[in-house]
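Work through the exercises below with the sequence and the model side by side. Try each task before reading its solution.

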Amino acid sequence: MAPARLATSLLGTLRAASTRPAIAWRQRCLYHSYDYAQPPPFPPAESAILSCAYAHVPSHGFTIDTLKLGARDAGYLDVSTNLLPRGVFDLVNYHLVTQRLALQNNVQFPEEGEQGNKMGVGAKVRKLTLARLRANEAIIHRWQEALAIMAQPTYVPVSFAELARLADEIWFLSGDQSVDSSWYTKRATLSAIYSSTEMYMTQDKSANFVDTEQFLDNRLQDLIKVGGFVGGLGEWLNYTGHSTINLLRSKGARI
């Protein structure tokens with residue numbers, strides 16, 4: 001998908017989140033429990049192929065050749081990639097799902113009882129969001145390929161659902177306990193913030209992605225200035241979408 005079409009698709013998706021949050025997150029609250037063992041996110045054979053293929057993404061991208069290399073590394077024939085019904089998208093989804101699930105163990109917060117070290121929900125959201133973005137570092141030069149795959153009409157609903165799960169996971173791990181309408185708007189807003197920052201990151205050439213971190217902080221501050229999670233959501237989404245495109249154009253992106 002051409003960059004301009006990809007940007008248009010992203011803006012449309014973000015605007016949809018602002019007008020139909022209750023549809024995007026039909027479940028009133030996702031159920032989380034870390035007290036019980038969770039089933040593996042992928043069947044054993046698929047997991048073996050995808051985990052091996054994932055190691056080849058930095059060099060070969062999100063391609064069928066990468067899947068074949070993964071199958072060979074896992075001890076399967078090339079034809080075994082037929083076990084992946086959605087082809088290369090399954091490799092993209094593997095990255096999305098595994099990195100989302102890794103947040104629980106990879107991000108630690110100070111103990112609540114430690115004086116002066118207690119973090120508020122907002123600070124935790126920022127830390128988790130930044131950690132998830134930094135999980136893209138090894139494959140960020142290939143992420144435009146992944147965005148193009150996710151933007152295909154067949155995969156847009158699945159990709160958007162996974163983005164919703166990521167936003168919910170971040171708020172949950174941050175300790176958010178809202179049960180009113182802000183439950184939806186917080187997740188829609190965070191999805192928009194994450195998407196725009198991730199797209200910005202694909203064009204960021206700064207050392208250690210410090211510009212991406214500043215971009216994230218600016219989006220969080222913009223949200224506060226516009227009027228909070230509820231009243232200014234639609235206006236903020238429109239503003240953020242256009243400002244993101246302008247920033248990417250200033251970095252040479254053809255959108």
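The model is predicted: local features need pLDDT of at least 70, side-chain atom pairs count only at pLDDT 80 or more, and totals for chains, interfaces and linings use all residues. Residues are numbered from 1 along each chain as its sequence is written, and side-chain values use heavy atoms, with hydrogens and water left out.

**Exercise 1.** Describe how helix H9 packs on helix H10.

Solution. Two packed helices are described by the angle between their axes and the distance between the axes. Helices (H or I, at least four residues) are DSSP runs numbered from the N terminus. Axes are lines fitted to C-alpha atoms, for helices over the stretch in contact, and angles run from 0 to 180 degrees between N-to-C directions.

Step 1: the axes of H9 (residues 156–173) and H10 (residues 182–201) come within 9 Å and cross at roughly 110°. H9 is therefore roughly perpendicular to H10, a label for angles of 65 to 115 degrees.

Step 2: the crossing is right-handed, meaning that the near helix is turned clockwise from the far one by less than a right angle.

Step 3: residues in contact (heavy atoms within 4.5 Å) include Leu-163, Leu-166 and Ile-170 of H9 and Leu-190 and Tyr-194 of H10. By class, the H9–H10 contact has ten nonpolar, two polar and three charged residues. Here Ala, Val, Leu, Ile, Met, Phe, Trp, Tyr, Cys and Pro count as nonpolar, Asp, Glu, Lys and Arg as charged, and the others, Gly among them, as polar.

**Exercise 2.** Which residues is Tyr-194 in contact with, leaving aside its neighbours within four places in sequence?

Solution. Step 1: Tyr-194 lies in H10 and is buried, with a relative accessible area of 4%. Buried means under 20% relative accessible area, exposed over 50%, and partly exposed in between (1.4 Å probe, protein chains only).

Step 1: beyond those neighbours, Tyr-194 is in contact with Thr-129, Arg-132, Leu-133, Asn-136, Leu-163 and Leu-166.

Step 2: the side chains of Tyr-194 and Arg-132 make a polar contact at 3.4 Å. Such a contact is a pair of N or O atoms within 3.5 Å; within protein, one must be able to donate a hydrogen and the other to accept it, and residues adjacent in sequence count only if both atoms are side-chain atoms.

Step 3: Thr-129 belongs to helix H7 (residues 121–134) and is buried at 1%. Leaving aside neighbours within four places, Thr-129 touches Ile-170, Leu-190 and Leu-216 as well as Tyr-194.

**Exercise 3.** How many residues of helix H8 are buried, and how does helix H6 pack on H8?

Solution. Step 1: six of the eight residues of H8 (residues 143–150) are buried, so H8 is largely enclosed by the rest of the structure. They are Trp-143, Ala-146, Leu-147, Ala-148, Ile-149 and Met-150.

Step 1: H6 (residues 88–106) packs on H8 at about 115°, with the axes 10 Å apart, which makes H6 roughly perpendicular to H8.

Step 2: Val-88, Phe-89, Val-92, His-95 and Leu-96 of H6 meet Trp-143, Ala-146, Ile-149 and Met-150 of H8. This contact has eight nonpolar, one polar and no charged residues.

**Exercise 4.** Is Asn-208 buried or exposed, and is Phe-209 buried or exposed?

Solution. Step 1: Asn-208 sits in the loop between H10 and helix H11 (210–226), and Phe-209 is in the loop between H10 and H11.

Step 1: Asn-208 is exposed at 53%, whereas Phe-209 is buried at 14%.

Step 2: Asn-208 has a positive phi of about 60° although it is not a glycine. For Phe-209, also not a glycine, the positive phi is about 55°.

Terms used: Helices (H or I, at least four residues) and strands (E, at least two) are DSSP runs, numbered from the N terminus. Angles under 35 degrees count as roughly parallel, over 145 as roughly antiparallel, 65 to 115 as roughly perpendicular and the rest as oblique.
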